Amino acid sequence: MIDNERVIKKIGTPTYVYDVAAILDRIKYLRDKLDADILYAVKANSFIVKEIEEEIDGYEICSKGEFDICNSLKINREKMVISGVHKDRPSIEEMIENYDDIRRYTIESVNQWELLLDVAKKNGRHIHTLIRLTSGNQFGVCEEDLKYIIANNDEAVMTIDGIEYFSGTQKHSIKKINKEVDKLITLIDTLHDELGFSVNEIEYGPGLPIFYYQGEEFDEEAFLDEVKPALDRIKEKGVKLSLEVGRSLVAASGRYFTSIVDMKSNKNGNFVILDGGINHLVYYGGTLGMRIPHFQIVRVLEDKAVNLNDGNQVEKIDEAVGDIPKELHVGTEDENGLITYNLHGSLCTVNDILVKNINARRLKLGDVFIFENVGAYSSTEGISLFLSRDLPKIAICDKDGNLKVVREVIKTSDINLPRY
Ligand SMILES: Cc1ncc(COP(=O)(O)O)c(C=O)c1O
């Protein structure tokens with residue numbers, strides 16, 4: 001469990017913190033609920049990969065960089081699936097030459113298949129693969145190419161274990177998942193009937209959703225109860241099923257801490273400037289702060305931390321609110337003692353809006369916003385080089401509850417500096 005006060009006092013802001021115990025529980029929950037192996041899509045958050053190694057069934061690694069991270073952390077290579085749309089020859093050579101224990105590679109095109117065959121053959125290796133079926137975009141291959149690869153494969157060099165299929169994220173329609181399963185089952189039958197090929201494994205990315213915004217209602221348990229029989233239909237074909245999951249495994253485990261560094265008002269409203277921004281915080285489907293994510297506001301006083309948006313602590317809040325000098329007041333309270341604020345980051349763009357129009361008790365410099373559900377994609381997808389702002393610290397609350405910083409602040413001015 002993340003202790004907000006400890007994070008603020010010991011580490012400061014801006015910082016991401018990931019709760020490992022929550023992720024471990026989540027892996028077990030999804031595996032039990034869906035009765036399938038769970039592979040973690042490393043792209044969602046590379047900072048927790050080592051912490052989950054004993055629990056997770058495998059890793060879906062989509063670039064040489066992600067491989068280098070996992071390999072540096074001494075992740076068991078028998079858990080690694082090397083995936084991704086651009087597999088360059090030097091990277092594939094390095095992996096195949098040096099390691100004969102990588103679980104498998106995925107094939108995203110006829111060219112990739114030829115490359116993998118060629119490199120494996122030259123190195124006297126036998127490798128295992130899955131062919132990625134396209135969903136109609138730049139990823140994977142069409143059915144004709146898939147059949148061509150199977151029909152022409154050199155089995156002495158490469159075993160094709162089956163199919164990988166991922167069509168997109170944030171899927172909350174059981175109809176869509178059932179349609180995808182239908183497609184996979186038809187393909188399993190076609191490959192068997194036309195080519196005598198047995199699909200032994202399917203690695204399927206169900207794109208399980210996360211609901212990020214206040215007011216959204218979703219009965220996840222009921223949804224997963226519908227997903228399970230859809231997935232069972234694949235297993236009934238005698239196929240081993242693994243699920244590639246990113247967002248749904250780690251999103252809820254992460255919090256992002258950012259402090260108020262400035263405040264002002266003008267005829268258009270009250271503006272709060274935070275030491276973070278859209279360079280650090282990515283909520284899927286969030287457009288210009290129009291939807292309100294789940295967050296807390298904490299004021300750290302000398303002897304205690306007060307949660308400013310927790311209705312149970314109103315008395316303490318009033319006590320804490322009382323110490324803001326009048327000349328520092330920004331905005332006017334309504335009859336309920338609330339002020340409407342717009343939350344902005346530190347970038348030079350009007351688009352750097354985290355949330356618009358939140359109602360809160362009177363805020364002051366140093367108050368900390370803690371955004372929830374940031375464990376997936378925020379630290380990896382943000383436009384973090386813009387304006388040469390520093391990259392935030394990253395901390396982990398490990399499974400025993402210890403808070404450890406696993407990345408100190410990184411200066412992006414070093415990256416953005418031309419060298420003559
Ligand atoms: C091939 C592949 N598998 C799995 C994932 C993870 O998706 P999600 O985070 O929706 O679970 C992605 C995400 O882009 C992906 O590209």
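Predicted model: local features only at pLDDT ≥ 70, side-chain atom pairs only at ≥ 80, totals over all residues.
Residues are numbered from 1 along each chain as its sequence is written.

**Overall shape**

Along the principal axes, the C-alpha atoms fill a box of roughly 80 × 55 × 40 Å.

Then I looked at burial: buried residues make up 40% of the 420 residues. My cut-offs, with C-beta atoms placed from the backbone: buried means 20 or more other C-beta atoms within 10 Å of the residue's own, exposed means 12 or fewer, and partly exposed is in between.

Contacts came next. Of those with a separation of 6 or more, 70% are between residues 24 or more positions apart. Two residues are in contact if their C-beta atoms, placed from the backbone, lie within 7 Å.

**Domains and core**

I found the chain divided into domain 1 (83-245) and domain 2 (252-416); the bounds come from an automatic or database domain assignment. Their centres, taken over C-alpha atoms, are 39 Å apart. I see 5 residues of domain 1 in contact with 8 residues of domain 2. On the domain 1 side, the touching residues are 3 nonpolar, 2 polar and no charged. For these classes, Ala, Val, Leu, Ile, Met, Phe, Trp, Tyr, Cys and Pro count as nonpolar, Asp, Glu, Lys and Arg as charged, and the others, Gly among them, as polar.

Which residues have the most contacts inside the largest nonpolar core? I get Tyr40, Tyr59, Ile61, Leu116 and Ile131, in a core of 103 residues. Both domain 1 (83-245) and domain 2 (252-416) give residues to this core, so it lies between them. A nonpolar core is a set of buried Ala, Val, Leu, Ile, Met, Phe, Trp, Tyr and Cys residues joined through C-beta atoms within 7 Å.

I followed up on Tyr59. Leaving aside neighbours within four places in sequence, its contacts include Leu39, Tyr40, Val42, Cys70 and Met80.

**Ligand shell**

I counted 15 residues around the ligand, the closest being Ala41, Thr169, Glu244, Gly246 and Arg247. The elements giving two or more residues to this shell are β9 (240-245) and α9 (247-250). By class, I have 5 nonpolar, 6 polar and 4 charged residues in the shell.

The Thr13 to Pro14 peptide bond is cis, with omega near -5 degrees. I place Pro14 in the loop between α1 (4-11) and β1 (15-19).

Lys74 is not a glycine, yet its phi is positive, about 60 degrees. Lys74 sits in the loop between α3 (64-72) and β4 (80-82) and counts as exposed, with 9 C-beta neighbours inside 10 Å.

Is Tyr377 buried or exposed? Tyr377 is buried, with 21 other C-beta atoms within 10 Å. Its phi is also positive, near 75 degrees, and its loop runs between β16 (368-371) and α11 (378-381).

**Spot checks**

His294 is in the loop between β11 (269-274) and β12 (295-300) and is partly exposed, with 16 other C-beta atoms within 10 Å. Beyond four places in sequence, His294 is in contact with Gln214, Glu372 and Asn373.

Val350 is in the loop between β14 (339-344) and β15 (353-360), and I score Val350 as exposed, with 8 other C-beta atoms within 10 Å. Val350 and Leu288 are 62 residues apart in sequence and 9.2 Å apart in space, C-alpha to C-alpha.

Key:
Near = placed C-beta within 6 Å. Helix = DSSP H or I, 4+ residues; strand = E, 2+ residues; numbered from the N terminus.
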